[in-house]
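Look at the strands, helices and pockets of the protein shown below. The report takes them in turn.

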Amino acid sequence: MRAVIHRIGKSVGEPALPMKIASACRQKQAFLFLRGDDGFVLKPLAEDGVIGVLVWVGWGDGGAPERHLPEVKRLARLIGARWLRFHSARKGWLKVAPRMGWVRQPDDADGLYVFQINL
């Protein structure tokens with residue numbers, strides 16, 4: 001798992017990502033979930049008093065995002081979240097994400113694609 005997060009961090013230009021995730025998890029600001037070889041890190045956020053959940057990092061074999069989306073939604077609803085969001089540089093999400101119910105939002109300040117599902 002650590003190697004996967006390290007590889008993701010390098011690919012997005014954030015070599016310190018594993019340390020950031022570990023620190024956030026220790027401080028209970030983010031939560032790591034593992035399902036076999038798949039995993040995801042969820043980070044609760046509040047924007048203008050509305051709770052949401054950022055899918056900070058996710059990995060797994062083909063179909064992992066679809067396979068785990070119901071569980072991610074369930075976990076987000078447990079804390080009263082009104083939305084899920086993720087950011088990505090991967091162009092493939094432009095086709096895949098809408099089929100899963102994600103709605104594209106304006107790109108973030110770093111030029112990453114942003115997708116959201118309202119709960």
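Predicted model: local features only at pLDDT ≥ 70, side-chain atom pairs only at ≥ 80, totals over all residues.

Strands S2 and S3 run antiparallel and are joined by 9 bridges. They form a hairpin with 2 residues between the strands, in which Asp48 takes a positive phi near 50°.

## Strands S1 and S2

S1 and S2 also run antiparallel, with 5 bridges joining them. Here Leu32 has its bridge partner, Val41, in S2. A hairpin is formed by S1 and S2, with 2 residues between them. Gly36, in the turn of this hairpin, has a positive phi of about 65°.

## The whole sheet

Strands of a sheet pair through backbone hydrogen bonds, and the pairing can be parallel or antiparallel. In this model, 6 strands make an open sheet with mixed pairing, in the order S1-S2-S3-S4-S6-S5. Which strands are at the edges? They are strand S1 (31-35) and strand S5 (103-105), each of which pairs on one side only. From one strand to the next, the twist averages 30°.

Helix H3 lies across S1, S2, S3, S4 and strand S6 (113-118). The helix runs at about 40° to S2.

## Helices H1 and H2

H1 and H2 pack with their axes 8 Å apart, at an angle of about 120°. Angles from 65 to 115 degrees count as roughly perpendicular and those over 145 as roughly antiparallel, so H1 is oblique to H2.

Which residues make the contact? H1 contributes Ile5, His6, Ile8 and Gly9, while H2 contributes Leu17, Pro18 and Ile21. Sorted by class, the contact of H1 with H2 has 5 nonpolar residues, 2 polar residues and no charged residues.

## The largest pocket

Rolling a probe the size of a water molecule over the atoms shows where empty space is left. The largest pocket has a volume of about 1,300 Å³. It is lined by 39 residues, and the closest to its centre are Val57, Gly58, His87, Ser88 and Trp93.

By class, the lining of the largest pocket has 20 nonpolar, 10 polar and 9 charged residues.

## The second largest pocket

What volume does the second largest pocket have? Its volume is about 170 Å³. The lining of this pocket consists of Met1, Arg2, Ile5, Pro18, Met19, Ile21, Ala22, Cys25 and Leu32. H1 and H2 are the elements that give two or more residues to the lining, and H2 provides the largest share, 5 residues.

The lining of the second largest pocket has 8 nonpolar residues, no polar residues and 1 charged residue. Several names return from earlier sections. Ile5, Pro18 and Ile21 line this pocket and also take part in the contact of H1 with H2. Leu32 is another residue of the lining, and its bridge partner in S2 is Val41.

Note on methods. Residues numbered from 1 in each chain as written. Heavy atoms only, no water. 1 Å grid on protein atoms, 1.4 Å probe; cavity = no way out; pocket = protein on both sides within 12 Å on 5 of 7 lines; lining within 4 Å. Points joined across faces, edges and corners; volume = space filled by probe spheres on them. Nonpolar A, V, L, I, M, F, W, Y, C, P; charged D, E, K, R; others polar. Helix = DSSP H or I, 4+ residues; strand = E, 2+ residues; numbered from the N terminus. Pairing = 2+ DSSP bridges. Axes fitted to C-alpha atoms, helices over the stretch in contact; angles between N-to-C directions. Contact = heavy atoms within 4.5 Å. Parallel < 35°, antiparallel > 145°, perpendicular 65-115°, else oblique.
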